[in-house]
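Please consult the sequence and the three-dimensional view alongside the text.

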Amino acid sequence: MNLFKIISEIEQFDPEATERYSFYSRRNLIKYGTNLAAAAIPTLVATTFNQAFAQTATPPSAAAIEVANFALTLEYLEDEFYRTGLAAAGLVPAADKTVIIQISKHETAHVNLLKTALGAGAVAKPTFKFPAGTFTNYTTFLATARAFEDTGVQAYKGQAATLINDKDILQIALQIHSVEARHASEIRRMQGMKGWVSDTTQTSFTQAGINLKTLTGKSDDAIREAFDEPLTKDAVLAIVKPFLA
């Protein structure tokens, strides 16, 4: 993680940010090094966005807040999933544990970012349930992880249009979206699969009014690999519903 780039982006968004949080000055970043990234940076970013929401003349729309809470619910699910998997004795092999731990840390950071940005408007964490075998069979665990990560990527993409006029929440969503895509790719590789999607039941090949089959002349699988399909909120909820207690 390029800490100086992150701080520069925060300063562009809010020029007074590093003045308010003097601990995160460039001098201290040099002094304390990249260990700050795991804990300090997500907190700084979330607090900055939260203050921006409060100060802006055009607060986020109700629809944008609903989308952010929708995303938070998905992040709650993934966060609990990885935490539970790591706590299950003997589930994650030693060779994969470092990666799963890192993904788990990312999901926790996503939850904290969304909760802090939403403030009092953040939804409470639901109670989740997982099918038998999820945390006793590693093959099942990875298959479930892939389903969650793929769904998360498509869910964020599917809500982008709703956030087009709410740039603060859109920026947060896009920051998380790209990381979820990296998770999905890594999980696929851990399963011995290609890093991109080609094995879904995607049947819609029109995006932004463009017929991708006509445009490319390629096979369905090739189109799935090159163009991720967005999912509607209803489609995502249908996937997630079985995990809600």
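**Helix packing and model confidence**

Helices α6 and α8 are roughly antiparallel to each other, a term for angles over 145 degrees. Helices here are DSSP runs of H or I with at least four residues, numbered from the N terminus. The axes of α6 and α8 come within 11 Å and cross at roughly 160°; axes are lines fitted to C-alpha atoms, for helices over the stretch in contact, and the angles run from 0 to 180 degrees between N-to-C directions. In this pairing α6 passes α8 in a left-handed crossing, one in which the near helix is turned anticlockwise from the far one by less than a right angle.

The residues of α6 that make this contact include V99, I103 and L114, and among those of α8 are I172, V179 and I187. Contact means heavy atoms within 4.5 Å. The residues of the contact of α6 with α8 divide into 11 nonpolar, four polar and four charged. Ala, Val, Leu, Ile, Met, Phe, Trp, Tyr, Cys and Pro count as nonpolar, Asp, Glu, Lys and Arg as charged, and the others, Gly among them, as polar.

The model is predicted, with local features requiring pLDDT of at least 70 and side-chain atom pairs counting only at pLDDT 80 or more, while totals for chains, interfaces and linings use all residues. Residues are numbered from 1 along each chain as its sequence is written, and side-chain values use heavy atoms, with hydrogens and water left out.

Helix α6 (residues 94–118) also meets helix α5 (residues 62–87): their axes come within 8 Å and cross at roughly 150°. That makes α5 roughly antiparallel to α6. Here too the crossing is left-handed, with α5 passing α6. Among the residues in contact are L72, Y76 and L86 of α5 and I101, V111 and L118 of α6. This contact comprises 13 nonpolar, four polar and seven charged residues.

Within helix α8 (residues 167–190) lies S185. S185 has a relative accessible area of 14% and is buried, that is, under 20% with a 1.4 Å probe and protein chains only. Its C-alpha atom is separated by 8.7 Å from that of E149, 36 residues apart along the chain.

How far does confidence extend? The chain averages a pLDDT of 80, and 73% of the residues score at least 70; pLDDT is the predictor's confidence in each residue, from 0 to 100. Over residues 3–7 it stays under 50, and the model has 17 contacts beyond four places in sequence for them. Residues 51–57 likewise stay under 50, with eight such contacts. Where pLDDT is low, the predicted coordinates should not be read in detail.

Note on methods: Helices (H or I, at least four residues) and strands (E, at least two) are DSSP runs, numbered from the N terminus. Angles under 35 degrees count as roughly parallel, over 145 as roughly antiparallel, 65 to 115 as roughly perpendicular and the rest as oblique. Buried means under 20% relative accessible area, exposed over 50%, partly exposed in between (1.4 Å probe, protein chains only).
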